[in-house]
Amino acid sequence: MEQVIVNGAISGMNYALMALGLTLIFAIMGVLNFAHGQMYVLGGFVMYFVYTVLGLGHVAGFAASIVTLVIVGLIFERFFFRHALRMAAREESTMLLAAGTALLLESLILVAFGEKQRGMPPMVSGVYKLFGVYIPAGRAAVFLIALVAVVAFILFMQHTKPGRALRAIAQDKEVSALQGVNIERYSALGFALGAGLAGIAGALLVSLLAVNSGLGTSVSIKAFIMVMLGGAGVVSGAIIGAFILGFAEALGYAYIPGSTTYLLIFAALILFLVIRPQGIIGKPWG
Amino acid sequence: MSRGLLRPLAGAGLALLALVYLVLLPVYFSHSPYILRVVSIASVLSVISLGVWLTFAIGRINIGQAAFALIGGYATAILSTRFGLSYWLCLPLSGILAALVGTVLGFGILRLRGVYFAMITLSLTEAVRLAFLNGGEFTGGASGIPIIPLPGELSLFGVVLMPSFQTVNTHLAFYYLAAALLIVTLAVVWRIGTSRLGWIFRSLQQNEDLATSIGIDIARYRVMAYAICCFFGGIGGSYFAVSQQSIYPNVFGVPDSIFFILYCFLGGLAYVAGPVVGTFILFIGFQILHPLQEYQQLIYAVLMIAIMLWLPNGLLSLRWHTRADRAELARLEGREARS
């Protein structure tokens with residue numbers, strides 16, 4: 001049982017990175033980033049490429065992943081979403097645009113990196129034994145780095161000027177604009193930041209699990225589940241949702257065979273949302 | 001062109017389209033199974049997309065239609081292989097079963113709106129796929145249910161209404177089945193649109209609270225629209241099960257759900273014919289791109305984004321502005337500017 005708790009905590013921390021990115025983008029721009037899973041996959045592939053093919057080590061891999069995803073985020077925001085958000089008559093247009101960007105990113109990844117599944121050795125080798133539970137050093141490293149990233153993100157949002165601007169925009173876009181916040185610049189920042197978080201998550205996890213170009217959709221769905229659970233657009237909600245999913249997954253995989261785990265998770269989610277549509281901490285209808 | 005000429009011209013255009021679709025194309029290509037298949041599949045995908053169009057008409061973004069197509073497919077598969085029912089019974093039953101599941105789920109999830117509804121229907125697509133994957137013996141697991149029999153003979157009181165699909169040109173038979181499904185679905189959806197029910201649905205789309213205040217039972221009508229949508233999804237899935245003669249969990253997935261919405265969008269959400277136009281153009285376009293292999297998906301994605309950026313109201317919203325239209329518009333704008 002303790003093993004399940006540890007596994008759940010590690011998964012939860014990494015999922016938190018993903019959920020935070022998605023919820024940030026949703027909070028700032030009102031767009032559900034369908035491409036989030038693909039951004040995660042891209043982060044994983046870039047890390048693999050830099051570490052394994054170019055042989056430049058983990059730090060360079062992280063840096064490359066972050067930079068790549070930030071650039072992708074900036075391009076998406078500037079060329080796709082900025083125009084669509086201004087012109088769209090219905091909100092479905094931006095949603096479909098997001099779905100289109102997901103497909104685009106997935107196709108580009110397929111063309112650039114091929115369809116083979118790629119993996120990497122864990123970042124640190126060895127296993128620790130803590131309170132009767134086995135913790136592979138690689139997973140512990142992932143946990144710590146993810147923790148650092150999440151804490152850094154929260155500190156950034158709470159205590160820096162750009163962070164305050166982002167939070168203001170999330171609260172009320174019009175009033176923020178009236179107060180002189182440059183909405184365009186901060187939308188770009190928000191999107192890039194969200195994408196970067198997805199990239200870090202991907203880069204971290206490629207050392208634990210393999211990554212392949214088709215993984216994007218299922219990762220996106222996991223991110224959606226977390227955001228739906230915790231409440232869209234709320235940072236604490238995203239983290240809570242992430243840990244709930246992490247633990248549920250760990251529990252499921254330990255005691256229930258096969259892919260029934262996610263079936264049960266979905267059924268529970270649908271029931272939960274029927275009772276409380278806004279998630280645990282969300283605002284009604286966002 | 002004056003207004004007076006437009007209506008008979010539209011009627012003639014429609015008649016010509018029907019002639020091509022029902023007579024010329026199938027006869028000319030009766031021995032090219034590939035072309036017949038492509039048009040048949042496009043027809044049935046249009047049926048499924050018309051269901052999604054209906055949920056748009058009540059103001060919801062339904063990314064879950066693939067789930068109901070899968071339910072319909074499995075229903076047909078199980079009813080025909082395990083219970084030996086004739087396909088002509090399986091077809092409506094699959095639709096009804098999908099509608100029932102939609103009704104039960106709908107009462108719960110239709111209170112959500114916007115992005116939330118979209119997210120939960122997306123999860124529904126995955127959940128249903130997983131359900132069938134883990135159905136054990138009953139649903140055949142990952143390999144699904146193979147060897148679904150072709151539609152047999154349908155006869156009433158000794159009169160043969162429909163010959164067994166094995167005895168005739170099978171591809172042609174499926175083509176006409178698909179065409180029949182599309183025409184009936186179009187007629188039904190169009191009739192709904194022009195009836196009181198359609199009027200109620202439109203009021204739901206515009207403002208649910210206002211609709212409640214004038215006495216419309218929004219919960220009931222929402223579920224009704226959603227159930228009809230799921231019915232069409234189920235029927236479409238049933239067709240695919242019998243035409244591919246097999247069904248497995250990955251036949252309809254998340255990308256398909258998204259494509260159905262895209263088809264509606266390309267054609268234009270304001271028009272009943274929108275999903276049909278969108279489906280035919282995009283599906284046939286996708287087939288044409290097939291030789292490009294790995295770039296196929298890439299080009300498709302670029303196309304999708306281009307459509308969303310530049311044609312957010314769909315193709316059918318592009319109007320051929322005659323000089324008379326432009327003069328009218330200018331006059332109206334002038335009048336507005338003065339008041």
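This is a predicted model: local features need pLDDT of at least 70, side-chain atom pairs count only at pLDDT 80 or more; totals for chains, interfaces and linings use all residues.
Reader: Why is T23(A) called buried?

Author: T23(A), which is found in helix α1 (residues 2-29) of chain A, has 30 other C-beta atoms within 10 Å; burial asks for 20 or more, so T23(A) is buried. Apart from neighbours within four places in sequence, T23(A) is in contact with V227(A), A232(A), G233(A), V234(A), V235(A), G237(A) and A238(A). G44(A), by contrast, is 21 residues away from T23(A) in sequence and 20 Å away in space, C-alpha to C-alpha.

Reader: What makes Q245(B) partly exposed?

Author: Q245(B) has 14 other C-beta atoms within 10 Å, and because an exposed residue has 12 or fewer and a buried one 20 or more, Q245(B) falls in between and is partly exposed. Q245(B) lies in the loop between α9 (218-244) and α10 (254-267) of chain B, and its phi is near 60 degrees, a positive value in a residue other than glycine. Most residues other than glycine have a negative phi.

Reader: How do you know that the span of helix α6 of chain B agrees with its number of residues?

Author: Helix α6 (residues 170-194) of chain B has 25 residues, which at 1.5 Å a residue should span 36 Å, and because its end C-alpha atoms are 36 Å apart, the two values agree. Among the buried residues of α6(B) are F174(B), L177(B), A178(B), L181(B) and L182(B).

Reader: Which parts of the model cover the buried residues of α11(A)?

Author: The cover includes α9 and α10 (235-255) of chain A together with α5 of chain B, while the buried residues themselves are T261(A), Y262(A), L263(A), I265(A), F266(A), L269(A) and L273(A). Helix α11(A) has 16 residues and reaches 23 Å from its first C-alpha to its last, close to the 22 Å expected.

Reader: What describes the packing of α11(A) against helix α5 of chain B?

Author: The helices pack at an angle of about 145 degrees, with their axes 9 Å apart, and their crossing is left-handed. From α11(A), the residues that meet α5(B) include Y262(A), F266(A) and L273(A), and among those they meet in α5(B) are I120(B), E126(B) and L130(B). The residues of this contact divide into 11 nonpolar, 1 polar and 1 charged.

Reader: How many residues of chain A are in contact with chain B?

Author: Of chain A, 42 residues are in contact with 37 residues of chain B. Helices α3 (58-87), α4 (91-113), α9 (216-230) and α11 (260-275) of chain A each supply at least two residues to this side of chain A, and α4(A) gives the most, with 15 residues. By class, this side has 30 nonpolar, 10 polar and 2 charged residues.

How values were computed. Residues are numbered from 1 along each chain as its sequence is written. Chains are lettered from A and ligands numbered from 1 in the order in which they are written. Two residues are in contact if their C-beta atoms, placed from the backbone, lie within 7 Å. Helices (H or I, at least four residues) and strands (E, at least two) are DSSP runs, numbered from the N terminus. Ala, Val, Leu, Ile, Met, Phe, Trp, Tyr, Cys and Pro count as nonpolar, Asp, Glu, Lys and Arg as charged, and the others, Gly among them, as polar. The expected span of a helix is 1.5 Å times one less than its number of residues. Axes are lines fitted to C-alpha atoms, for helices over the stretch in contact, and angles run from 0 to 180 degrees between N-to-C directions. A crossing is left-handed if the near helix is turned anticlockwise from the far one by less than a right angle, and right-handed if clockwise.
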